[in-house]
Amino acid sequence: MNSKVKISGINTNELTVIKEEDMKKLFKKKDKKSREEIINGNLKLVLSVLQKYKDKGADDLFQIGCIGLIKAVDNFDITLGVKFSTYAVPMIDGEIRRYLRDNKLIRVSRSIKDLAYKKLKLEEEQGKLTKEELEKKLNATPYEISLAEDAFKDPISIFKPVYEDGSETIYLCDEISDKNDGRDVCSHIALYDAIRMLKEKEKYILNERYINGKTQEEIGQDLLISQAQVSRIEKGAVKKLKKTLKY
């Protein structure tokens, strides 16, 4: 089996493959040398699994896949009559998947991950639910549910090729329209992070004032506090934002 996956420092075409009958004999010996022979003789199983992960860094994933292979060797039971490759491939693939899940470029908070798992479990049990049903059953806001839905998605590079005709390559960034030429992106991210640091009441008042256009008196009626208190909280929140953003 020749693999197109390239691993630094290893000529993958020269890797040996052990026949099934010879492997059974090695498993029966149960010694260190036999274990090493089984591992070295099945490295092409790791390469076969890596075929679908070629764009995610073959060198690192090869090492992770080898960990899965070693676990498969150490836990395989020849008395069950199952081919080793049948047993090992899912374990190798599972080890790689766990690594990719836990080492994403974008870190997802534990609370959002937990919400994502709850959503998946809920939909497995009850089928597709409406947004309103999800909000009620998960006791979460639409924004939190949106974050949970994106929790396990891999980020896509803006330099990913989306079209190529041999002479010209069009990248994802070429297809993205930005009327501000990206000048405001960093500012938006910084402002978002700064707002997250505010207290809930501060965020509520700023949202009602600057998004929904309510007066301080109207917000005071909603929160059962005076207009003066609303004004003081609003000024404090704006001051915090300015300090965080260093305006």
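Mentor: The face of α12 turned away from its buried side carries the exposed residues Glu217 and Gln221. Buried means under 20% relative accessible area, exposed over 50%, and partly exposed in between (1.4 Å probe, protein chains only). Helices (H or I, at least four residues) and strands (E, at least two) are DSSP runs, numbered from the N terminus. This is a predicted model, in which local features need pLDDT of at least 70 and side-chain atom pairs count only at pLDDT 80 or more, whereas totals for chains, interfaces and linings use all residues. Residues are numbered from 1 along each chain as its sequence is written, and side-chain values use heavy atoms, with hydrogens and water left out.

Trainee: Which residues of α12 are buried, and what makes them one face of the helix?

Mentor: Gln216, Ile219 and Gly220 are the buried residues of α12 (residues 216-223). Seen down the helix axis, they fall within an arc of 105°, so they line one face. The arc is taken from the directions from the helix axis to the C-beta atoms. This buried side packs against α11 (200-210) and α13 (227-245).

Trainee: Why is Gln216 called buried?

Mentor: Its relative accessible area is 14%, and the limit is under 20%; Gln216 is therefore buried. Leaving out residues up to four places away in sequence, Gln216 touches Arg209, Gln227, Val230, Ser231 and Glu234, where contact means heavy atoms within 4.5 Å.

Trainee: Why is the ring pair of Phe27 and Phe76 called tilted?

Mentor: Rings of Phe, Tyr and Trp (its six-membered ring) pair if their centres lie within 6.5 Å; planes under 30 degrees apart count as stacked, over 60 as edge-to-face and the rest as tilted. The centres of Phe27 and Phe76 are 5.0 Å apart and their planes stand at 50°, so the pair is tilted. Phe27 lies in helix α1 (residues 20-29) and Phe76 in the loop between α4 (58-75) and α5 (84-102), so that the pair links distant parts of the chain, 49 residues apart. Phe27, at 10% relative accessible area, is buried, and Phe76 is buried at 14%.

Trainee: What makes the pair of Phe76 and Phe84 edge-to-face?

Mentor: The angle between the planes is 85°, with 5.3 Å from centre to centre. Ring pairs link Phe27, Phe76, Phe84 and Tyr87 into a cluster.

Trainee: How do you know that Asp74 and Arg35 form a salt bridge?

Mentor: A salt bridge is a side-chain nitrogen of Lys or Arg within 4 Å of a carboxyl oxygen of Asp or Glu. The closest N and O atoms of Asp74 and Arg35 are 2.8 Å apart, and the pair forms a salt bridge. Asp74 is in helix α4 and Arg35 in helix α2 (residues 32-40), 39 residues apart. Asp74, at 46% relative accessibility, counts as partly exposed, as Arg35 does at 33%.
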